[in-house]
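User: Could you walk me through this one? I'd like to start with the chain as a whole and then look at some details.

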Amino acid sequence: MLRMLRGRAKAQTGSSHHSSPAPAPAPKTPLDDEDLLQEILLRLPPKPSSLSLPRASLVCRGWRSILSDPEFLERFRKNHHTPPLLGFFAGHVHATPVFTPILDSPDRIPASRFPVPQSHSRNDEWRFMGCRHGLAVLLEVSRREAVVWHPLTGQRRHVSFPPGMHTDDWNRWHAAVQCADAADGHVHGDCFSNPFKLVLILVAQRVRAFACLYESASGVWGDIASTATRDTICYTEPSVLIGNEFCWLLGKGDILAFDIQRQSLGVIEKPDMRRYYSSVRLFRTEDNGPGLACLSKLTILLWARKSNYDGVVGWEMLQKTIKLKGLFPRKMPSYDKLVYLSGYDEDTNAIVLTTETGNFTLQLDSAQIRHIIKRDYICDNTFYPYTNFYTAGNTQLSYPAIHKLLVEEAYTPGSRIEFPAITGQKKIAKLYFIFDI
């Protein structure tokens, strides 16, 4: 393209008495073929830098038009199936959680992008209960309201508590939310406009628990279910969705489980633990059952519910153990009080570890560890994972490299196109998307 323009300039300066021939039409590029461009954009990785509308608008209007199209975004989610883990909302009982990004630049989202909503009254306190399917749930106990919040847009939905569940003790209330879209092939992500299910839990006097299910499709609370318990839920303990049940870890190791379909509440008694564990975290096993990750010194032991030959379900300690001492990037103390389990991401099956050098994610299947927060002291924060397809950003990296390849590389219909995935403003990875048109 550049050579052709230079040739034209020479021809014009060499003969000023003859009219210049009509310029040849510019060759078509992939940017001129919207169908092809959509297929290319669908293959971008599901990271914030791929779906950022401000970045796309720096390339051309066509990119922005496609990336703002709800139908394209739905196709993009279905193509990638699983949204990325953007970060965690981290906080403790008397402090509003703050979003903590964990992705590297250019995908790192500023903490200020997801400000957790707060009450305007000093007498009201909103408690953060956790995230799922791109939604977060908070409780405003003094007003007897649950708040379903969409961090991407800031939209909120307020739901009044059901009649029949009463207490002013704020630390006895818990809640969980999930998207209830039953459409075939639905991929969770931008689910605020879809129907949702909300479960409210109340544990009274450590001896009895109550639960009630709200369905936004009908706008009605169901019947209140109850069961006897031996303890309460820790006030910062998030729920874990296991199969068709919302589960919470009780203080002594039992599990409180609410069956969403049956709207029934029950307790799974803890395994016969014959040793002391400094920290315990509920997780979802590979066969979609409840499991317990138990920290003993610097070793994590795993328990899972299994069926024996007679079909009786019970606890079994797995042979797999995870020794943390050899996984940390620097020498850790030999005593376990400086390491504890402070969060769990059910989508990636990863546990958050808190240490005196910061926080790590530990993938239970592969035992891979990643340092996500660096500090020189231990904190008592609980970490609530937030996963979603980030479709609205305000960062500065555009797509000059991809644009250059699409415009300047030779293209003919039916050809095979290869282009690298952008991982930074001045760095191009050696990964190629290859597909036939």
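User: Among contacts between residues at least 6 apart in sequence, what share joins residues at least 24 apart?

Analyst: In the protein chain that share is 51%, where contact means heavy atoms within 4.5 Å. Please keep in mind that this is a predicted model, in which local features need pLDDT of at least 70 and side-chain atom pairs count only at pLDDT 80 or more, while totals for chains, interfaces and linings use all residues. Residues are numbered from 1 along each chain as its sequence is written, and side-chain values use heavy atoms, with hydrogens and water left out.

User: OK, and how much of the chain is buried?

Analyst: Of its 437 residues, 49% count as buried, a term that stands for under 20% relative accessible area with a 1.4 Å probe, protein chains only.

User: What about A209, buried or exposed?

Analyst: A209 counts as buried because its relative accessibility is 0%.

User: Which residues does A209 touch?

Analyst: Leaving out residues up to four places away in sequence, A209 touches L202, V203, A225, S226, T227, T229, L256 and L265.

User: Switching topic, how do α2 and α6 pack?

Analyst: Helix α2 (residues 34-42) and helix α6 (residues 70-80) pack at an angle of about 45°, with their axes 10 Å apart. That makes α2 oblique to α6, since angles under 35 degrees count as roughly parallel, over 145 as roughly antiparallel, 65 to 115 as roughly perpendicular and the rest as oblique.

User: Which residues meet there?

Analyst: From α2, Q38, E39, L41 and L42 meet F72, R75, F76, N79 and H80 in α6.

Key:
Axes are lines fitted to C-alpha atoms, for helices over the stretch in contact, and angles run from 0 to 180 degrees between N-to-C directions. Helices (H or I, at least four residues) and strands (E, at least two) are DSSP runs, numbered from the N terminus. Buried means under 20% relative accessible area, exposed over 50%, partly exposed in between (1.4 Å probe, protein chains only).
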